[in-house]
Amino acid sequence: MGKMLDNILMKPILYSYRRCPYAMRARMALKYAGVELEHREIELRNKPQSMLAASPKGTVPVLLLDQLVLDQSLDIMHWAIEQSDPDGWGNIDDEISQVWIEKNDGRFKVLLDQYKYPNRHPELDPAAVLEEALHLMLLPMENALQHSQYLLGSKITLVDIAIFPFIRQFSMVDQSKFDQLTLPATKKWLSKHLESDLFNAVMQKHPVWVE
Ligand SMILES: N[C@@H](CCC(=O)N[C@@H](CS)C(=O)NCC(=O)O)C(=O)O
């Protein structure tokens with residue numbers, strides 16, 4: 001009986017990797033929306049064939065739905081809040097949100113990788129990379145967060161969650177260097193997300209799924 005029901009009401013399947021910031025933001029949105037799913041933890045070096053069959057580009061997260069494959073973390077976030085959005089994460093100005101998210105996923109992500117792997121970029125001056133990251137992202141965030149608790153105002157939105165895992169990663173590259181930066185409001189915002197039940201729930205460890 002249980003098995004029959006499982007087959008009829010197939011839960012969404014999420015292919016994920018615990019430490020991936022894109023997968024983190026997708027997991028946070030899915031958890032927030034209360035979506036029940038089958039979690040399939042993968043290894044980036046050994047991706048399951050069933051994941052690649054659904055999404056040949058081979059990045060996580062991938063969400064398999066009955067009739068649909070979502071293989072962009074932002075699409076998964078938007079789908080999740082369409083299912084349920086109890087705190088109004090989606091009540092946002094689309095243009096302002098897009099500016100933040102594009103800046104994060106675009107240039108800031110490039111700088112984050114350069115900052116994280118200086119050996120792969122011997123031609124770059126690490127101090128200049130940090131400086132650009134500050135001016136592009138961290139200082140504008142600091143400015144916004146000095147005025148309000150969250151990036152778009154007094155309430156948490158999808159934009160905070162979309163960006164938080166990347167700022168977390170940035171802070172962890174060199175924690176003592178990050179601690180020395182004068183970014184009090186950003187650090188407070190970061191701590192709040194790091195300490196949240198939502199984040200901690202999606203960081204639980206899962207054994208690697210075996211096909
Ligand atoms: N644009 C994609 C990017 C996802 C992505 O790049 N994920 C990384 C891990 S953080 C990945 O799966 N890389 C493939 C690999 O390393 O083989 C999204 O938003 O979902």
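In the predicted model, S73 has its place in helix α4, which comprises residues 73-83. With a relative accessible area of 4%, S73 is counted as buried, because this value falls under the 20% cut-off. When neighbours within four places in sequence are left aside, the residues in contact with S73 are Y22, R25, A26 and P61. S73 also takes part in the surroundings of the ligand, where a polar side-chain atom of this residue lies 2.6 Å from an oxygen atom of the ligand.

The ligand is surrounded by C20, P21, Y22, L44, K47, G58, T59, V60, P61, D71, Q72 and S73. Taken alone, the ligand exposes 510 Å², of which the protein buries 70%.

Two of the residues around the ligand, V60 and P61, are joined by a cis peptide bond, with omega near 5 degrees. Most peptide bonds, by contrast, are trans. P61 belongs to the loop that runs between α3 (49-54) and β3 (62-64), and this proline is also among the residues in contact with S73.

P21, another residue of the ligand surroundings, is in contact with Q169, a residue found in helix α7. Q169 has a relative accessible area of 13% and is therefore classed as buried, the limit being under 20%. Apart from neighbours within four places in sequence, the contacts of Q169 comprise R19, P21, L112 and K116.

Helix α6 spans residues 126-147, and its 22 residues reach 30 Å from the first C-alpha to the last, close to the 32 Å expected at 1.5 Å a residue. An α-helix has 3.6 residues a turn, so residues three or four places apart point the same way. At the start of α6, a side-chain oxygen of D125 reaches to within 3.0 Å of the backbone nitrogen of A127.

Conventions:
Residues are numbered from 1 along each chain as its sequence is written. This is a predicted model: local features need pLDDT of at least 70, side-chain atom pairs count only at pLDDT 80 or more; totals for chains, interfaces and linings use all residues. Side-chain values use heavy atoms; hydrogens and water are left out. Helices (H or I, at least four residues) and strands (E, at least two) are DSSP runs, numbered from the N terminus. The expected span of a helix is 1.5 Å times one less than its number of residues. A polar contact is a pair of N or O atoms within 3.5 Å; within protein, one must be able to donate a hydrogen and the other to accept it, and residues adjacent in sequence count only if both atoms are side-chain atoms. A residue is near a molecule or strand if one of its heavy atoms lies within 4 Å of it. Accessible areas come from the Shrake-Rupley method with a 1.4 Å probe; for residues, only the protein chains shown count as cover. Buried means under 20% relative accessible area, exposed over 50%, partly exposed in between (1.4 Å probe, protein chains only). Contact means heavy atoms within 4.5 Å.
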